[in-house]
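Reader: I would like a close look at a single part of this model, beginning with the surroundings of a ligand and going on to the strands and their pairing. Please keep the account connected, so that I can follow it residue by residue.

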Amino acid sequence: MDKFVIQGQCQLNGNVTISGAKNAALPIVFATLLSEKTVTITNVPHLKDICTSCEILKVTGRTLHYADNQLTVEAGQASAFEAPYDLVKTMRASILALGPLLARYSQARVSLPGGCAIGARPVDLHIHGLQQMGAEIKVEDGYINAHVNGRLKGAHILMDIVSVTGTENLMMAAVLAEGQTVIENAAREPEVVDLANFLITLGAQIQGVGTDTLIISGVDELHGGQYQVLPDRIETGTFLVAAAVTGGYVRCLGADPSCLEAVILKLREAGAQVTTGDDWVELDMRGRKLKAVNIKTAPHPAFPTDMQAQFTLLNVVGQGCGRVTETIFENRFMHVPELIRMGAEITLEGNTAICHPCGRLTGAAVMATDLRASASLVIAGLVAEHETIVERIYHIDRGYEQIERKLRALGATIERVSESS
Ligand SMILES: CC(=O)N[C@H]1[C@@H](OP(=O)(O)OP(=O)(O)OC[C@H]2O[C@@H](n3ccc(=O)[nH]c3=O)[C@H](O)[C@@H]2O)O[C@H](CO)[C@@H](O)[C@@H]1O
Ligand SMILES: C=C(OP(=O)(O)O)C(=O)O
């Protein structure tokens, strides 16, 4: 298992190029199953989760070429309709194989994703929506076994909770269903919009993109095409926070600031100078005082839960007291005890972390527990006095492309150490 060794008290300065969004690329990769023609996707980040998705596509019989952030899925039929446990257990998003396989091949066998560090994360809304579209689904032996006679049928689906991958799964299924599907209370995250735009590029008929009501008219088949994945807003936000807490400056190139409104608003409230262009965003903290802010996570366009851990750290470093309320996942404060080990003063009250000013952080050996928690610990290591060792960084490799190379280019001293070395 690899770990990061980080020397603290650095100030980040410079430019960083933002990668394609993991959470957009994942559903898009699975959506290629809906087409039998060749599909090329560009700006695909080279991440563990993307490689796992490619493995799942290969299990179904597809041929893939993946190099230089470009993925080509060759024209052809799938020959197996399964996402096996060995692959699914490493990545919850493999549930996204369910909708496309069922819609295109009338059958699917997808291992149930397990719970994870941030919460139970059930998939009942995915299953219920597909049942409404005529699928027969049995959950047995840890697998979701689904089939439908002929095609799925359009349905009126009201989602109880706003679910990102739930909306994506049902939208993908509806694209090839017979008739019209309406998804109400749909997620409006930019990654859902990107998936919809990808499907439209291949000939899908989707109205209401970017709103909470999606109207999808099923088509007989999708054609091939080429599509570029949108920039990763969470990676962008993570680098902006890193510059803010180290009192530095960063310009994120190839970014999309229009997806980051809630985050940029909070960074400005925290005292940062943030400037944006069409495809870049920069943050300058030099000579400015960082202040703690109150945040509350909620579905887009509100503050994203995937930026919560990074802002918890910002509050620890900033002046004053900041309250961080997590409303999406029931167990997303695993970074808190680790930050406390580095000297942070945080009290947990239910789903709120109250961050008190701590004066200074000191380096320690800490454990990464999930993707964004890992990011907050790495940034904490950049700020803290002395050396920080972040263990179990396989979590961070799920979501940040070449993070240590990018941080080093901004002036950080960070080494990846393999257990064997
Ligand atoms: C691959 C991907 O895109 N991951 C993102 C996606 O995860 P994911 O799509 O898994 O998260 P959801 O939006 O589905 O989860 C929102 C809430 O709904 C609950 N829920 C969800 C589905 C369901 O069937 N039943 C149910 O109760 C979840 O437990 C959670 O409390 O959105 C999350 C919320 O923005 C982000 O943190 C993740 O980074
Ligand atoms: C929670 C996340 O991802 P996933 O849904 O893939 O676990 C994330 O990207 O922060």
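Author: In this predicted model, the residues around ligand 2 are Asn23, Arg92, Ala93, Asp306, Leu371, Arg372 and Gly399. Sorted by class, this shell around ligand 2 comprises three charged, two polar and two nonpolar residues.

From the ligand we can turn to the sheets. An open sheet is formed by four strands, which follow one another in the order β18-β19-β21-β20 with mixed pairing. The edges of this sheet are taken by β18 (295–296) and β20 (345–349), and because each of these has a single partner strand, one side of each is left without a neighbour in the sheet. Helix α10, which spans residues 308–317, packs on the sheet and touches β18, β19, β20 and β21, while its direction makes about 165° with that of β19. Within the sheet, strand β19 (residues 322–325) pairs with strand β21 (residues 352–356) in the antiparallel sense, and four bridges make up this pairing.

Strand β11, at residues 180–184, deserves a separate look. Its covered face carries Thr181 and Ile183, whereas Gln180, Val182 and Glu184 belong to the uncovered one. Strand β10 (residues 156–158) pairs with β11 in the parallel sense over three bridges, and in this pairing leucine 158 has glutamate 184 of β11 as its bridge partner.

Strand β4 (residues 64–67) and strand β5 (residues 70–73) run antiparallel and are joined by four bridges, with tyrosine 66 having leucine 71 in β5 as its bridge partner. Two residues lie between β4 and β5 in this hairpin, and aspartate 68, in the turn, has a positive phi of about 50°.

Key:
Residues are numbered from 1 along each chain as its sequence is written. Chains are lettered from A and ligands numbered from 1 in the order in which they are written. This is a predicted model: local features need pLDDT of at least 70, side-chain atom pairs count only at pLDDT 80 or more; totals for chains, interfaces and linings use all residues. Two strands pair if DSSP finds at least two bridges between them. Two residues are in contact if their C-beta atoms, placed from the backbone, lie within 7 Å. Axes are lines fitted to C-alpha atoms, for helices over the stretch in contact, and angles run from 0 to 180 degrees between N-to-C directions. A residue is buried if 20 or more other C-beta atoms lie within 10 Å of its own, exposed if 12 or fewer, and partly exposed in between; C-beta atoms are placed from the backbone. A residue is near a molecule or strand if its C-beta atom, placed from the backbone, lies within 6 Å of it. Ala, Val, Leu, Ile, Met, Phe, Trp, Tyr, Cys and Pro count as nonpolar, Asp, Glu, Lys and Arg as charged, and the others, Gly among them, as polar.
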